[in-house]
Every structure is written in structure tokens, then in C-alpha cells.
Amino acid sequence: MQISKTTQMLSIFGVIITAGAIFYFSSISNDPVPQINLPIKSVMYHFTIFLLLAIFLIGSLKNPKIKNLISLILIALFYAAIDEIHQLFVPGRVASINDFIIDTLGILTANILYFINKRNRLS
């Protein structure tokens with residue numbers, strides 16, 4: 001499945017914006033007052049933002065192949081790990097393996113959706 005040049009350029013822009021948003025939100029200190037629904041919001045945020053990052057990464061390829069997609073998964077996972085390490089240096093934030101796992105699920109979901117879409121287009 002060939003991706004158009006316009007989609008590719010918009011996806012590259014999306015990668016930059018999404019990665020910047022992840023970094024920005026990770027830089028914000030947590031409010032010391034606990035919030036009741038924070039865990040659900042956190043799960044939704046982590047899953048969705050890394051799902052978007054992975055979708056934009058896939059869209060940035062001209063002709064996604066399995067070898068390239070594995071590389072993109074590794075790049076997204078590396079960014080998720082760096083994001084958690086970055087939070088160690090932000091007051092009120094901590095690195096969380098749970099957040100990394102949720103990020104991973106978002107990344108893998110994007111790739112699964114891509115393969116389902118590709119398979120449906122071929123049949």
C-alpha cells in the first residue's frame with residue numbers, strides 16, 4: 001500500500017507535534033493534591049498519545065513494509081522509555097513501568113490497525 005506524498009508530509013508534521021506534546025506534558029509537575037479519576041485519565045492519555053504517535057510514524061513511510069514497521073515500533077518504544085526517564089527529572093513526577101506498558105499497547109494497537117486496514121484493502 002503506497003502512501004501519498006501529502007499524507008507522508010502531514011504524518012511527519014504529526015510525529016513532530018505529537019512527540020512535542022508528549023515532552024511538554026511530561027514536563028509539567030504533578031499537582032500534589034490527589035485527583036480521584038487520575039488513573040483512568042492517565043491510562044487514556046498514555047494509550048491515545050502513543051497510538052497517535054505510532055499512526056503518524058506509519059504514515060510517514062512511503063511504502064510501509066514489515067521491516068520498517070518493526071523499526072518504527074522500536075523507535076516509538078524508545079521514545080516511550082525516554083519519556084519515562086525524563087519524568088524522573090521533573091518535580092512531582094515519577095517513571096512508571098505501567099505507563100510504559102500502556103504506551104506499548106497504544107503503539108502495538110496502531111500497528112495492528114494498520115495491518116487490518118492493509119489486509120481489508122487487499123481483499
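Two rings of Phe, Tyr or Trp (for Trp, its six-membered ring) count as a pair if their centres lie within 6.5 Å, and the pair is called stacked if the planes are under 30 degrees apart, edge-to-face if they are over 60, and tilted in the remaining cases. By this rule the count comes to three aromatic pairs. The structure is a predicted model, in which local features need pLDDT of at least 70 and side-chain atom pairs count only at pLDDT 80 or more, while totals for chains, interfaces and linings use all residues. Residues are numbered from 1 along each chain as its sequence is written, and side-chain values use heavy atoms, with hydrogens and water left out.

**Aromatic residues**

A pair of aromatic rings is described by the distance of the centres and the angle of the planes. Two of the pairs are set out below.

| Pair | Centre to centre | Angle between planes | Class |
|---|---|---|---|
| Y24 and F25 | 5.3 Å | 70° | edge-to-face |
| F25 and Y45 | 6.0 Å | 75° | edge-to-face |

The pair of F25 and Y45 links distant parts of the chain, since F25 belongs to helix α1 and Y45, 20 residues apart from it, to helix α2 (residues 38-59); helices here are DSSP runs of H or I with at least four residues, numbered from the N terminus. Together, Y24, F25 and Y45 form one aromatic cluster. A residue is buried under 20% relative accessible area, exposed over 50% and partly exposed in between, judged with a 1.4 Å probe on protein chains only. Y24 is therefore exposed at 51%, whereas F25 is partly exposed at 41%, and Y45 is partly exposed at 27%.

**Threonine 7**

T7 lies in helix α1, which covers residues 5-26, and with a relative accessibility of 37% T7 counts as partly exposed. The side chains of T7 and S4 are joined by a polar contact of 2.9 Å, a term for N or O atoms within 3.5 Å of which, within protein, one must be able to donate a hydrogen and the other to accept it, with residues adjacent in sequence counting only if both atoms are side-chain atoms. The C-alpha atoms of T7 and F25, which are 18 residues apart along the chain, are separated by 26 Å.

**The nonpolar core**

A nonpolar core is a set of buried Ala, Val, Leu, Ile, Met, Phe, Trp, Tyr and Cys residues joined through side-chain atoms within 4.5 Å. The largest one has 18 residues, of which F50, L53, L57, L69, L72 and I107 touch the most other members. Helices α1, α2, α3 (66-87) and α4 (97-122) each supply at least two residues of this core, and the largest share, seven residues, comes from α2.
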